[in-house]
Amino acid sequence: AEKDRIAREEYWATHAEEKKALEAEKEELESQINSLHTNLNDQIAEINKEIAAIPGGTEIRNLDKEIKKLADNKASLGLFKGKEKKIIQNRIDQLSAEKMVIQKRMASAKKELEAKIAAANADVQEKVTPMQSRVNSIDSELASYPNEAKVVGDQIVCPSCGTVQKAIRKA
């Protein structure tokens with residue numbers, strides 16, 4: 001393990017430009033990923049505002065108040081007020097139907113907006129996945145040295161340039 005660590009350090013010391021290029025690529029990819037996530041979060045926040053602003057909430061609250069008032073009025077009527085109770089119940093049913101229509105309209109609008117969020121998430125994920133994969137690949141590459149590099153005794157044989165690199169320092 002110590003020999004591999006030293007070999008990795010030696011390899012990257014002699015391939016500083018390659019390491020610098022990999023680190024720059026990784027930094028650029030991470031910046032792009034962060035930018036995509038920031039834009040996504042902004043889109044989601046905007047859509048959530050639209051969801052909160054879907055019209056109908058006030059109408060539903062007003063209908064609920066009126067339904068409750070009618071139900072209380074109906075409950076206060078005496079036993080022999082059947083005709084009035086039926087009229088009030090018909091009005092409650094009518095208001096309840098109106099409320100249901102509004103709720104369905106609101107649910108449909110919300111579902112449409114949530115679909116936009118899902119699509120935006122999928123789009124960002126489709127872009128981020130290969131970028132993140134490359135970042136992980138760079139991390140792996142920087143944490144090792146090319147598999148083709150051979151540690152021979154106290155030296156590293158570099159596959160890219162075919163030369164024997166510096167002798168491994170003794171720890």
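1. Helix 3 (residues 57-76) packs against helix 4 at an angle of about 160 degrees, the two axes lying 10 Å apart; axes are lines fitted to C-alpha atoms, for helices over the stretch in contact, with angles from 0 to 180 degrees between N-to-C directions. The pair is therefore roughly antiparallel, a label for angles over 145 degrees. By class, the contact of helix 3 with helix 4 has 10 nonpolar, 5 polar and 9 charged residues.

2. This is a predicted model, in which local features need pLDDT of at least 70 and side-chain atom pairs count only at pLDDT 80 or more, whereas totals for chains, interfaces and linings use all residues. Residues are numbered from 1 along each chain as its sequence is written, and side-chain values use heavy atoms, with hydrogens and water left out.

3. For helix 2 (residues 16-52) and helix 4 (residues 82-142), the packing angle is about 170 degrees and the axes are 9 Å apart, so these helices too are roughly antiparallel to each other. Their contact comprises, by class, 17 nonpolar, 6 polar and 14 charged residues.

4. The protein chain holds 4 helices and 3 strands, where helices (H or I, at least four residues) and strands (E, at least two) are DSSP runs numbered from the N terminus. Along the sequence the pattern reads α-α-α-α-β-β-β.

5. Of the 171 residues in the protein chain, 25% are buried, meaning under 20% relative accessible area with a 1.4 Å probe, protein chains only. Among contacts (heavy atoms within 4.5 Å) with a separation of 6 or more, 70% join residues 24 or more positions apart.

Definitions and conventions. Parallel < 35°, antiparallel > 145°, perpendicular 65-115°, else oblique. Nonpolar A, V, L, I, M, F, W, Y, C, P; charged D, E, K, R; others polar. Buried < 20%, exposed > 50% of the residue type's maximum accessible area, 1.4 Å probe, protein only.
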